[in-house]
Amino acid sequence: MWETLGTVRDLGRLQQIASVLVGYGFGDMVRRIGMAGALERAGRILHWRDPEAMAHMAPPVRVRRALEELGPTFVKLGQVLATRVDLLPPEWTSELGKLQNAVPALPFEQIRPQLVEDLGADPAEVFARIEEAPLAAASLAQAHRAWLADGSPVVLKIRRPGIRDLVEADLRLLARLAEIVEARAPDLRRYRPTQVVHEFGLSLRRELDFAGEGRNAERIAANFAGNDSIVVPKVYWQWTCERLNVQQLLDGIPGTDLAAVDAAGMDRAALARTGADIVLKMVLEDGFFHADPHPGNIFYMPGGRIGVIDFGMVGRISDQRRFQIVQLLHGLVAREPEAVADVLVDWAEGSGEVDESRLQGDVGAFVDQYRGVPLKDLRMGLMLSDVTAILREHGLSLPPDLALMIKAFLTLEGMGRQLDPDFDMAGAAKPYVEQVLLKRWSPRALLRRGRRGMLDALELAGDMPRELRRLLRMTRRGRLHMQMEVTSLKAFGDQVDRAANRLTMGVVTAALVIGSSIVMHSAGGGVPSRWLLVLGVMGFIGAALTGLWILLSIWRSGKG
């Protein structure tokens, strides 16, 4: 019942989403997933004529424009989809990568009450000065320059008031729509919408926690302790919380202003090498990396150092994954298609049936085209992008951590070649690949894995007699059961169960209406009769809510 009431609460937002989709020429999709019928029954009639202006617009452009119009949650969803090079072709990821967070800033007076609440005092009592005009305004937050009492410049990253409620409403609708898409649009099922929305929800909720962003920054700073090549802004924890992040202001040249880099006399090739070393260390050595290293999050600092900001989106890579990445890179560079295919099969495990011989043949043909190409001429980002295209052709997808990693590699190589056209990504990665291999096969690592395997084997051997006795005991007592599930029969059973539930609720509704009518008809003017009148009204309200629940359950299952 509460879920039903929540759906009613979000109906207005659902109508906005459907209207925007229809406006950008996706009316057929709105019909197919059942949104049209529900909204029309709710009295919200949609106009299905597609604007003529949309006729010449490519589908990726229309999707990007629609996401921008739908607001912050959908802009973030598009940015996450832009990282899924394993699910979407390059023309889609490239277009979605253009999604911008820039939105009109809120007046400072509008965010001041929340700022006072988070600081526990008036901002003028905490900071020597605050610029009310924002440095930047994004969909989730806006940033203001300020100065501490000692004169240190800082940045206040302030979450937009009320943004969490909007995001949560959108996430509820996205989760439900993803379920409907998987059930009613088989051609879209291979994009795994429910999985993508689930992962997106986790990522977006983490981004809304600015204290978590501060912890991410400090973890990366600790990983680079003693390394002066990277500058991570200091977090001022006495004022940082979920809705506010107070951090050091980095004074450098934005990564988008290459003309200023040249004017400052900085060595572009050296900056490209430094940036590559930073990202490769994060991914291959630390296993914890900035997942959105685009030029807007980069500053070129004096002394050839690189400043990095915005650690809301990070990726994590396990030791096993790092070794698999190294195997893949080594297989691509050494032209060993079997090794590449083995890694791809491991990565795609659980995403569908794999025709390994066909996959290995496609990988072999792909690797063979690079035979004889000098190492410095290899484009690692392009090669990884082509590998994910092979996965798409086979209907396979990558785990989310690897999708973020490949996107980071693509961004890194693109930035590196902007700085230095001769940037050699493969050469920059080589020492890190060798280091991971040496670490993997070092005597200490082999001893540790061997000891762990031996302990697991001993534990299994120790548990085996007890488990066998338990199995035999259950067999003798007739308590050993075998369960078999037939998907088609299960779906039919679910339909019958839903129909029975609706029928029962319909009978209850009818009983409430009849009973309430009788009660109210017998009510007169005395005190006891007024209580009967109240009871009758409550019965009608219960009947209305129950009927609403039945209607919405019919809509949700697509039976209306």
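Good morning. I begin with helix α17, whose face turned away from its buried side carries the exposed residues Ser 357 and Ala 365. Here, exposed means over 50% relative accessible area, buried under 20%, and partly exposed in between, with a 1.4 Å probe and protein chains only.

The model is a predicted one: local features need pLDDT of at least 70 and side-chain atom pairs count only at pLDDT 80 or more, while totals for chains, interfaces and linings use all residues. Residues are numbered from 1 along each chain as its sequence is written, and side-chain values use heavy atoms, with hydrogens and water left out.

The chain has 560 residues, of which 44% count as buried. It contains 23 helices and 11 strands; these are DSSP runs numbered from the N terminus, helices being H or I with at least four residues and strands E with at least two.

Let me return to α17. It comprises 13 residues, 356–368, and spans 18 Å from first to last C-alpha, close to the 18 Å expected at 1.5 Å a residue; the expected span is 1.5 Å times one less than the number of residues. Which residues of α17 are buried? They are Leu 359, Val 363, Gly 364, Phe 366 and Val 367. Because they cover an arc of only 165° around the axis, they lie on the same side of α17; the arc is taken over the directions from the helix axis to the C-beta atoms.

The partner I wish to show is α16, residues 337–347, which packs against α17 at an angle of about 130°, with the axes 9 Å apart. Axes are lines fitted to C-alpha atoms, for helices over the stretch in contact, and angles run from 0 to 180 degrees between N-to-C directions. The angle makes α16 oblique to α17, given that under 35 degrees counts as roughly parallel, over 145 as roughly antiparallel, 65 to 115 as roughly perpendicular, and the rest as oblique.

In contact terms, meaning heavy atoms within 4.5 Å, residues of α16 including Leu 344 and Val 345 meet a set in α17 that includes Leu 359, Val 363, Gly 364 and Val 367.

Two further residues deserve mention. Asn 223, in helix α12 (residues 210–223), is partly exposed at 28%. Beyond its neighbours within four places in sequence, Asn 223 contacts Lys 281, Asp 286 and Phe 288. Asp 310 has a positive phi of about 65° although it is not a glycine, and it sits in the loop between β10 (306–308) and β11 (314–316).
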